[in-house]
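Please open the structure in your viewer and keep the selection tool at hand. The tour below moves from one selection to the next and says what is to be found at each stop.

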Amino acid sequence: MDISKIEKAFKKKFPGEKVSFSADKRSIVTLRGEVGTWENLVAIGQWTAKRPEVKNVVSKLTVPGLCIPKKDYAPFKAAGEALGVTERADVVIIGAGISGCGIARELSKYSLKVLVVEKDDDVATGATKANNGNIHPGHAVTPGTLKAKLNIEGNRMYTQWAEELGFELQRSGAMGYVTRWPLKLALKYSYSKAKKNGADGAEIVSGKRARELEPGLDRCGIGPKVKAALWLPSMGLVEPYQVAVALAENAVENGVRFLFNRTVADVLTEGGQVKGVVTDKGIIEARYVINCAGIYADEISAMAGDECYTIHPRKGVIAILDKAKRPLFNCLCEHITLDEVKLNLKNTTTKGGGMCRTPEWNILMGPSAAEISDKEDLSTNPQDLAYAMGRGGDKVSYGDVIRYFAGNRPADYSEDFVIEMSPVTHGFVNVGAIQSPGLASAPAVARMVENIIRQDAKETGAPLEKKENWNPKRIPPPELRRMSWQERDELIKENPAYGRVICRCEGITEGEILAAVRSPVPPASIDAVKRRTRAGMGRCQGGFCQPRVLELLAREQGDDWTEVTLKGGNSNVLLKENRCEEKAGEVSE
Amino acid sequence: MKHIDSDIVVIGAGPAGMAAAIKARELGTEKVLVLERDTEAGGILQQCIHDGFGIHRFGRRMSGNQYAQAFADRLAELQIELKTDTMVLELTPQRTIYACNKTEGMLEIHAKAVILAMGCRERTASQVLIYGDRPAGVLTAGAVQRYINMEGYLPGKKAVILGSGDIGLIMARRMTLEGIEVEGVYEVMENPGGLTRNIVQCLDDYGIPLHLSTTVTEVHGRGRVEAVTVAQVDENRKPIPGTQRRIDCDLLVLAVGLIPENELSRTAGIEIDPRTRGPVLDNAFMTGVPGIFAAGNVAVVFDLVDYVSESGEIAARGAAEFIAGGQTSAAEYCPVLADGEVSFVVPQRIRKDCREATFFLRVKNARKTATLRCIAGDETLLKKKCMHIAPPEMLTFSTDKIKGGALTVSMEKEGEADD
């Protein structure tokens with residue numbers, strides 16, 4: 001690979017910046033040096049990755065005066081090494097996001113000991129939970145990429161996932177419509193991309209047909225103005241954390257174990273072969289290590305001796321609106337205006353999400369898209385919220401917002417997924433840079449990783465054996481909000497806990513919370529209960545139900561109230577009892 | 001599914017609902033049923049262990065619990081049926097109520113009249129646009145009050161309070177008494193949101209500073225709250241750059257306003273007034289849907305519980321009359337308009353045949369003296385001098401001189417616009 005060509009082009013493109021380039025035999029280019037701003041740092045990485053001969057970019061660039069926080073794994077590693085080997089497994093999966101959970105469930109088909117190691121207290125605590133739940137039809141992805149292939153396959157596979165795992169999937173369809181004839185060109189461009197990628201059922205429809213497909217267009221008065229639309233019937237909507245929970249539960253039912261609150265601090269290798277991982281709670285030896293560490297995947301890969309990509313976090317802020325503000329459209333419906341087209345042309349990576357609805361019929365705005373330097377910075381700010389809200393034009397107002405939050409997309413510079421058995425460390429599988437459409441692609445990602453492992457196992461003389469009693473079905477817990485009054489009545493007669501409503505806003509009962517707490521992957525915090533049941537997700541944001549959820553969690557886990565956390569770690573809600581002087585006296589005496 | 005027929009069903013057993021149920025029975029209504037989602041009657045008063053309740057009604061200062069107990073005792077004395085732990089899930093315009101509880105399962109209740117008394121809820125951090133992290137230790141004042149007063153736990157060591165409404169002030173004192181350091185109370189408006197007596201008794205007496213025209217803009221901390229950023233605001237309530245200050249604390253208490261809980265009202269198709277965020281009411285406190293009445297904080301957020309109970313009684317009278325009269329078609333209405341310094345008046349309209357009514361209103365600005373007028377056409381029905389009026393304090397008046405036609409309720413500065 002001719003580095004000098006890149007260097008020459010670089011000088012032209014970024015005059016004044018000094019960066020040194022080096023490439024390995026896989027055409028992975030490493031950047032070193034100091035550059036002016038974080039924006040430039042990201043832009044240089046992206047520009048380099050776009051050179052046709054470059055496979056991916058590892059960026060070691062810094063910005064003088066800008067702190068780029070690095071996680072210090074040393075104390076975790078020391079703690080783990082002190083404990084020695086505590087577990088032996090066939091497969092260790094690092095990270096319990098949508099990719100990790102999907103792969104765990106896929107591998108649970110085989111007679112393998114599979115452990116999922118997660119640094120937080122629950123599944124789906126990273127990018128997965130801060131996702132807008134769109135199962136993209138695959139029209140927007142660059143043709144020819146791994147993303148495009150897995151997006152299309154994954155979208156199709158969701159129907160089976162939803163059936164087997166019992167989560168809500170709504171094939172709402174997606175529509176981009178134009179109200180000016182010249183903009184039909186933009187539709188044609190998108191259509192040809194959709195066709196190239198193989199998006200199911202994509203077609204350009206007339207204004208009349210568009211209004212039939214989406215009655216919301218007429219309800220909001222725009223119907224008669226619609227000239228034409230691109231219709232993508234395969235668009236789906238899910239609650240992303242529900243999918244992850246369903247996968248994890250089914251995986252556990254089939255023998256997988258999840259180890260929460262465990263940070264992987266090192267990957268053990270020996271002569272080009274992976275040997276296991278060092279966690280803060282002991283060493284786990286394993287034949288395969290699958291890296292689904294999301295925003296930290298590049299660091300884990302480096303631990304395995306395979307530094308082949310760099311994650312630069314791209315923050316997205318999402319706003320959830322009160323259900324009283326009814327979504328205008330059933331499908332994901334976007335007005336393709338000249339401004340939107342310009343925004344698309346300007347943002348080569350992503351312009352973020354617009355307005356959509358959740359399967360529970362909340363309007364969801366965003367996510368925004370902002371490059372940041374700190375992976376752990378999940379703070380919201382006025383600019384990002386304004387961007388997310390601004391995508392709704394005058395149709396939404398801040399007064400409708402009940403909650404906003406941020407998540408960081410694990411973007412690499414190649415803007416494609418990195419899924420492969422490491423050519424450096426055998427047995428170590430990268431599932432990295434899984435940003436959008438990572439949720440839509442998840443079933444295909446899981447299948448691809450299963451194939452990698454199965455193929456390798458066969459080649460290395462220890463082929464995988466399928467379990468005879470593998471059960472693909474997960475029976476979902478009752479969701480009373482979806483039931484008729486008669487069905488509810490019968491259920492309450494069976495189990496009176498379903499007759500006590502805990503969360504007023506979303507109508508969630510004690511029975512539903514108890515079912516979650518007693519499920520195969522029990523939630524350990526108030527937010528974890530929220531993700532499983534929706535208790536606290538409504539307009540009062542837990543103002544009324546949080547004490548009740550806390551009480552149930554404490555009771556079921558046998559904990560004191562002060563031990564219950566909002567979201568794991570040190571996020572305890574209550575610090576001490578205020579009626580315990582006598583008790584405290586007894587203890588101290 | 002169990003079917004129940006009732007005369008008057010009251011949804012909510014707080015101070016409005018209990019007063020309504022008691023009045024309905026006293027007026028001779030036979031089947032009165034109260035549905036309460038909590039384990040006990042009393043509503044939010046259960047956690048209000050501070051005093052100052054019942055001055056108007058009982059002529060003495062009671063705690064919230066005592067006030068609620070007085071009504072609960074009367075409820076029991078009159079043998080009014082109360083279903084606790086019972087959640088209403090849907091209300092139809094035809095006054096069918098779907099509710100559930102543990103012991104009876106689903107209930108389908110047909111009511112001749114319904115009185116809504118669900119109270120209100122608190123605004124949250126997202127609703128007042130606080131940015132930053134989302135750690136544990138950001139709680140509404142009501143939640144803090146519940147944890148401390150009912151559950152017996154402290155949610156922090158050092159607190160910042162945003163909002164100087166009454167609940168914020170009460171909690172400033174309460175937390176101080178429990179050993180939580182209250183760094184200060186911050187108020188985005190240029191005037192305090194709570195009653196003067198609470199500023200004096202809850203902040204001044206304890207040396208807690210009140211920072212006006214200042215708000216919390218950001219929360220810091222990934223597990224628990226570690227600090228908040230406060231900033232002064234301009235006349236448009238936008239933070240002024242350069243005035244930010246970081247305050248270390250582990251608890252942010254939000255007392256940033258109350259919102260009537262009208263989700264059930266919406267299922268019944270009841271029209272909501274965007275200013276009060278409660279139903280549009282007539283002089284009997286009937287909503288736009290015949291036979292469905294509203295009382296207490298679900299109708300409009302009151303400042304004193306005495307008024308809450310009074311509104312319950314007005315609604316009960318209306319409901320009893322509705323049943324007796326069997327009104328089937330919608331009444332003809334005349335509007336009640338807010339003018340001058342009056343920000344809103346409840347009820348928002350009166351029936352054409354209405355001759356006497358009680359009104360509740362709030363003003364836009366604080367004034368030492370001002371004149372309240374209720375005018376019908378050219379005729380002044382009521383003229384009343386008011387002293388020390390302020391937006392947080394609700395005003396009320398009654399008149400029996402109504403002769404039909406629109407009413408205008410105004411508040412003018414003394415000496416101005418005098419005819």
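## Sheets of chain B

Begin in chain B, where 5 strands make up an open sheet with parallel pairing, in the order E9-E17-E11-E12-E13. Colour strand E9 (138-140) and strand E13 (210-211) of chain B next, since these are the edge strands, and each of them pairs on one side only. Bear in mind throughout the tour that this is a predicted model.

Now move to another open sheet of chain B, in which 4 strands follow the order E8-E14-E15-E16 and the pairing is mixed. Strand E8 (131-132) and strand E16 (245-248) of chain B stand at its edges, and because each has a single partner strand, one side of each is left without a neighbour in the sheet. If you select strand E15 (residues 227-232) of chain B along with E16(B), you will have two strands that run antiparallel and are joined by 4 bridges. Here B:Val230 is the residue that stands opposite B:Arg245 in E16(B).

## A buried isoleucine in chain B

The next selection is B:Ile109, which belongs to strand E6 (residues 105-116) of chain B. Is B:Ile109 buried or exposed? Its relative accessibility is 0%, and B:Ile109 therefore counts as buried. Leaving aside residues up to four places away in sequence, show what B:Ile109 touches: B:Ile4, B:Val9, B:Leu33, B:Leu35, B:Arg95, B:Thr96 and B:Ile97.

## Where the two chains meet

Now display both chains and select the residues that face each other: 55 residues of chain A are in contact with 49 residues of chain B. The area buried between the two chains is about 4,600 Å², and carbon and sulfur atoms give 56% of that area.

Between chain A and chain B the count is 6 salt bridges, and one place to look is the pair B:Glu261 and A:Arg504, whose side chains meet in a salt bridge (3.4 Å, N to O). Across the same interface of chain A and chain B there are 23 residue pairs in polar contact, with both residues at pLDDT 80 or more. On the side of chain A that touches chain B, the elements that give two or more residues are helix H12 (382-390), strand E20 (401-411), helix H14 (485-494), helix H17 (546-557) and strand E25 (576-577) of chain A. That side of chain A divides into 24 nonpolar, 13 polar and 18 charged residues.

Stay with E25(A) for a moment, as this strand pairs with strand E10 (residues 153-154) of chain B in the antiparallel sense, over 2 bridges. Select A:Lys576 and you will find B:Leu154 of E10(B) standing opposite.

## A buried histidine in chain A

For the last stop, select A:His312, which lies in strand E15 (residues 312-321) of chain A. With a relative accessibility of 1%, A:His312 counts as buried. A polar atom of the A:His312 side chain lies 3.2 Å from the backbone oxygen of A:Asp412. Residues up to four places away in sequence not being counted, those that A:His312 touches include A:Val42, A:Gln46, A:Glu371, A:Arg409 and A:Tyr413.

How values were computed:
Residues numbered from 1 in each chain as written. Chains lettered and ligands numbered in written order. Predicted model: local features only at pLDDT ≥ 70, side-chain atom pairs only at ≥ 80, totals over all residues. Heavy atoms only, no water. Buried < 20%, exposed > 50% of the residue type's maximum accessible area, 1.4 Å probe, protein only. Polar contact = N/O pair within 3.5 Å; in protein donor to acceptor, adjacent residues only side chain to side chain. Contact = heavy atoms within 4.5 Å. Buried area = accessible area lost by both parts, 1.4 Å probe. Salt bridge = Lys/Arg side-chain N within 4 Å of Asp/Glu carboxyl O. Nonpolar A, V, L, I, M, F, W, Y, C, P; charged D, E, K, R; others polar. Pairing = 2+ DSSP bridges.
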